[in-house]
Amino acid sequence: MMRRGDLLSGRYRIEELIGSGAQSTVYRAIDELLQRDVALKLFRRNRADVEQIRRQDAEVRILAGMSHPALVTLFDAGADLSDPDDPHSYLVMELVRGPDLRARGSLGSMSAAHVAHIGHDLADGLAYIHHHGIVHRDVKPANVLLVDDGSGESRPRAKLSDFGVATLLDEGLDTFKSGSSGTPHYLSPEQAAGEPSGKPGDVYSLGLVLLEALTGRVAYPGAPIQSALARLLRDPHIPEEVAPRWANLLTFMLARDPAARPDAKDVSLSLRQEIATGAARHRDGSQETVDAEEARMRAVHRYRILDTLPDGTFDRVVAVAARMFAVPVAIVSIVDNDRIWFKARYGTDVEQIGRDPGLCASAILQDDAWIVESAATDPRTLANPLVAGEAGMQFYAGVPLRTPDGYNLGTLCVLDTRPRHFSEDDTSTLENLAAIVMNDLELRLQTRRSLA
């Protein structure tokens, strides 16, 4: 046990104990070289325990290569061998000020808006590590740090910590071969059964974490063995008070079949849409998100397109798009605060719809095309009224109408009542047609400015 004032490797001065586990202890320390507070994770290193050393070294390698806002940043790593009888290895990481989600959960359930923000951060972080061939394997509330940067911002931010049992995926595979590892209350069914697991296991564990945050209750309580086995016998209970959109997303994330779960990127996009929907109505959104939406709306008004009559040029574009892709519906949309206006439409007489159910409201959140090939089975859209209701939309491909200064006004999109494949060439063609629409809007804007 280190004491306050102890100096590690001549640089890191111990200030106070943050937490302690079976294999490591975390302290707040001062980096005396850079004069900043850091978190110092000190391992109890047993030279005879080869597996322990392997895990510690693996965590260092994993963290050293990762850089993402939702992951705790690694600054340094080393070993202190000043006492040959008590060697220590350590990690020096950013100090995240704020409680972990386990401590926050002791206060009861959280609002859906806050859970959406936290879930988006975590899903985005998982998508990042999955892309780099890493599975966390121990997603749980105690490993979710809630950031308090002292700014007083109401938008909660989360970081994923503790990669002590993370692993690299087998080359060419999406699973790793090992027994169960992680915390019993948050294991995926495949982990509980000791079967090969991979990225879907992290998504399942995240689903349990989000469900617990929404309800204030552990989905599988009890002793470790009882908790682990319960998920092999039954799905977690999702209470009726959980909103339908959340219930549908969580149902997919918590599917016992790993292949039926969405990937982390799709979960991130779904939760981003939840956040944006709230921000557009100026409810439950952070100031940062609200400000971004207000800036986007200023760009919409700059082009003076909301109050214009139907446009013959754009009508021809959507007609061409419908014929090229053999779809029944094609639309040029502009997304307002609470409405989506169809400025040109082919195959529908509808002129506008509410923003909440509109698929275009999701498409403008992307930097590139948003493709939903089978909407009834896609967690991003399965609860959407246009999909589940009488309209029966099963396919959507939309490309943002993006201004030169980076704001998405709306989309050029094509829709169908049956699922279909959309190739990279198809996407490129749709992007080219969207560019025609955007170039025309930009030309009109420049003409008005020149005449002013």
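This is a predicted model: local features need pLDDT of at least 70, side-chain atom pairs count only at pLDDT 80 or more; totals for chains, interfaces and linings use all residues.
At what angle do helix H10 and helix H13 pack, and how far apart are their axes?

View 1. Residues are numbered from 1 along each chain as its sequence is written, and side-chain values use heavy atoms, with hydrogens and water left out. H10 (residues 312-325) and H13 (residues 424-451) meet at about 180°, their axes 11 Å apart; axes are lines fitted to C-alpha atoms, for helices over the stretch in contact, and angles run from 0 to 180 degrees between N-to-C directions. The two helices are therefore roughly antiparallel (angles over 145 degrees). Helices here are DSSP runs of H or I with at least four residues, and strands are E runs of at least two, numbered from the N terminus.

**View 2. Six strands make an open sheet.** The order is S15-S14-S13-S18-S17-S16, with antiparallel pairing; strands pair if DSSP finds at least two bridges between them. S15 (352-354) and S16 (370-372) stand at the edges with a single partner strand each, so one side of each lacks a neighbour in the sheet. From one strand to the next, the twist averages 25°. Strands S17 (residues 395-402) and S18 (residues 408-416) are joined by 7 bridges, and Ala397 has Val414 in S18 as its bridge partner.

**View 3. Both helices lie across this sheet.** H13 lies across S13, S16, S17 and S18, running at about 40° to S17.

**View 4. The largest nonpolar core has 53 residues.** Such a core is a set of buried Ala, Val, Leu, Ile, Met, Phe, Trp, Tyr and Cys residues joined through side-chain atoms within 4.5 Å, where buried means under 20% relative accessible area with a 1.4 Å probe, protein chains only. Leu206 and Trp246 are among the residues with the most contacts inside the core. Leu206 touches residues including Leu122, Val139 and Met253.

**View 5. Strand S6 is enclosed.** Here 7 of the 7 residues of S6 are buried, so the strand is largely enclosed by the rest of the structure. S5 (residues 74-80) runs antiparallel to S6, joined by 6 bridges, and Gly78 stands opposite Tyr90 in S6.

Definitions and conventions:
Angles under 35 degrees count as roughly parallel, over 145 as roughly antiparallel, 65 to 115 as roughly perpendicular and the rest as oblique. Contact means heavy atoms within 4.5 Å. Buried means under 20% relative accessible area, exposed over 50%, partly exposed in between (1.4 Å probe, protein chains only). Lists of a residue's contacts leave out its neighbours within four places in sequence.
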